[in-house]
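Student: Could you walk me through this structure, one question at a time?
Tutor: Gladly, let us look at it together.

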Amino acid sequence: MKISFSSSSTHKAIMLLLVSVILGGSCCWCSQVLVKREERRSVVSTEYGEISAASVVDHTIHFFTLDPNSLFLPVILHAHMLLYVHTGSGKLRWMEEDEVKSTDLRRGDVHRLEEGAIFFIHSNLDTHSDRQKLRIHAIFPNSHKYLHETGPYSSIRDMLLGFDNKVLQAAFKVPVDEIEELVNGTKPPAIIHGLSSSTTKNRAWEMEARFIENLVGSTTSNVFEINKKKKKKKDKDGTKLFNIFSADKDFENCNGWSTAVTGKKVPALRGTDIGLFMVNLTQGSMMGPHWNPTASEIAVVLQGRGMIRVVCHASTNETGCKDMRYKVEEGDTFVVPRFHAMAQMAFNNDTFVFMGFSTSANRNHPQYFAGRSSVLRTLDKDVLAMAFNVTNTTMDHLMNSQQDSVILGCISCAEEEFKFVEEEMEKERAAAREKEAEEARKREEEKRKEEEEDRKREEEEAARQEEERERQEEEEERKSQEEEAARQEEERKRREEEEEARKRGEEAARRAEEERKKKQEEEAREREAEEERKRREEEEEARKRGEEAARRAEEERKKRQEEEAREREAEEERKRQEEAAREREAEEERERQEEAAREREAEEERERQEEAARKRQEEEAREKGAEEEAAREREAEEAARKRQEDEAREKGAEEEAAREREAEEEAARKRQEEREEEEERKRQEEAAAGRREEEEGRKAEEEEERRRQEEAQREEEAPGSWRNGMKKRLIRLFPTTGHAHSPGRFGNHYRRD
């Protein structure tokens, strides 16, 4: 099979393949790998400046920001400090051993101060520039050893005023009132507005300086004498610092440049295990996939934005460390540990500039996977092909197609990485939503089971109460029968006694007969009253059961109504959230359009400036000959053509992004409509099921009521029933004349006219 690697799209495919294969998609050190700018903790904040900090791995980075003509008051270092000047200018003064040193600071300067040094910083009031703030990024290596105690530095004033007044007076040899003025003065903030001209304050600073000189054995007359003529010649001339923009770049091509600062370039870094580097990537380029064999990198984004791809090595993957990708912007801090492969990518519409600090810098040599400087080129091709399980031809193309090195072109690589990140985040959000829905379903199932168990318990309680009632009725029936038997026995004895008494006299017999009749009548009335009471209790029990069933049905109906109301409220809340999300997206789209317009205006301004510069160059070049003029014209035409191509690519990318957003919004709308239809169908099914349950409950109650009525009617109509027998006995005892019986009640009530 023939494979062609001639087009730029093929180069891009190869680069993405290498990034995917070599840089494999969070991590045992993920909690320290990225610190966003807004996540920095505030150390100092005044109206004239601020200091923020970020802790990564075992190191601490402080970000100094001083307004023009501001002063960071003297401190003593507890550890080595490597600093880089990001913007602005100023003056750095420090004291090492018995020597005072000073130097001017400007953008790009690099310097190192040793632990124990006393220093302060004064930002310039530059009236000839745009009055930029002085911004310094400083790292304190291995800060975990002292950060929990005092921090990387402490105030000279706090250290000085920790002594008693008597010790201070003896040290300075000044009157007591001046010592009290020094001690009782208000503590100034760490960053103040310039150097005050107040004589009192200058005198206080001079006393502090003399005390420090006594402590460290300095022979310098005054650390803080800024304008006196007694400075040493060395202090007057100042110490020249290494400037990263003035020095030659370690590597540079059309895709960007990079440089590293080690002890070879800066003598102050010799003997340390810390260095500094800077990378400037043009639009649509990347730092080729590589790793550091002996150093870790701690980087800060200075300009633009980009994507970082980091891969764990095999041993860390086995212990839970996973590959990762993340987007960084200006002010963010990110870390790449030693032996972790990485690639830094710039977006198509912005450059990506970052600087950082590296450990073991003197012995570190980055190893690149792709390009002309690829470490894979040093390996045997056959062995390499077997390692990747590809043919030798494929491996030759992979090794020889890329003609650039170190910094490679990679159009839309950052965009595709960011798109993948967004897709992963969307998957995570979808998984979270599914998990939440599953949990809601489980909660609903548990609620249904609890309701079912409550219903079963209620039914069991009702059955138990019914059994108890039947048992009580049987017990009462048994007692009634026993009473009847006892009454009959008494009646028998009474008749025997009456028979014997009849012989004693007719009068006694008559009285006994009347007494007997009265007693029988009373017993009949009591039995009738007992039957009436039982009937009423049965009717009351039936009425209560009906009311309880109606109450439960009403409660179930109210629960369903409340559930439907909650669902409607949830639906309305979801619609409001979706509307708010659409408004936010519209606002973000408007901001992006405004940003694109500002970029186009900046590009047009840059083109106008370039045009003016070109005209000046053409004016100067007329004296050098027609050949140079023609060469400059060709270069200008080539630059214009490239700008037109870049603008066309940017416009195409923006249109493609707009089409993708429209497709995603349409898909999201369809999914939302499907979810709404499914929810409406479920609500209808639940309402129908509720109605069926109500109908079945009502039918069951009607059937139960009808059965009870039929049983009551059968008991009344049964020829051998107790009530029918009692009715007949009452009829025999009392004449029917003058009595009216209510039909259908079978003697439960009688009335004497």
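**A patch and a sheet**

Student: Which helix holds E662?
Tutor: This is a predicted model, where local features need pLDDT of at least 70 and side-chain atom pairs count only at pLDDT 80 or more, while totals for chains, interfaces and linings use all residues. Residues are numbered from 1 along each chain as its sequence is written, and side-chain values use heavy atoms, with hydrogens and water left out. Helices (H or I, at least four residues) and strands (E, at least two) are DSSP runs numbered from the N terminus. On that numbering, E662 is found in helix 12.

Student: Is E662 buried or exposed?
Tutor: Buried means under 20% relative accessible area, exposed over 50%, and partly exposed in between (1.4 Å probe, protein chains only). E662 has a relative accessible area of 56%, so this residue is exposed.

Student: Which residues form the negative surface patch?
Tutor: Patch residues have over 30% relative accessible area and no salt bridge, with like charges joined within 9 Å. A salt bridge is a side-chain nitrogen of Lys or Arg within 4 Å of a carboxyl oxygen of Asp or Glu. The negative patch here is formed by E422, E423, E585, E588, E591, E662, E664 and E665.

Student: How many bridges join strand 4 to strand 11?
Tutor: Strand 4 covers residues 59–66 and runs antiparallel to strand 11. Within this pair, T65 stands opposite R135. The two strands are joined by 7 bridges.

Student: What is the bridge partner of V85 in strand 11?
Tutor: Strand 6 and strand 11 pair in the antiparallel sense over 5 bridges. The partner of V85 in strand 11 is I136.

Student: Which residue of strand 9 stands opposite L83?
Tutor: Strand 6 (residues 81–87) and strand 9 (residues 109–113) run antiparallel, joined by 4 bridges. Opposite L83 stands H111.

Student: How many residues of strand 11 are buried?
Tutor: Strand 11 spans residues 134–140 and is mostly covered. For the chain, 33% of the 753 residues count as buried. In strand 11, the count is 6 of 7.

Notes: Patch = residues over 30% accessible without salt bridge, like charges linked within 9 Å, V, L, I, M, F, W, Y side chains within 5 Å. Areas by Shrake-Rupley, 256 points an atom, 1.4 Å probe, with all protein chains shown as cover. Lys, Arg positive; Asp, Glu negative; His and termini not counted. Charge placed at Lys NZ, Arg CZ, Asp CG, Glu CD. Pairing = 2+ DSSP bridges.
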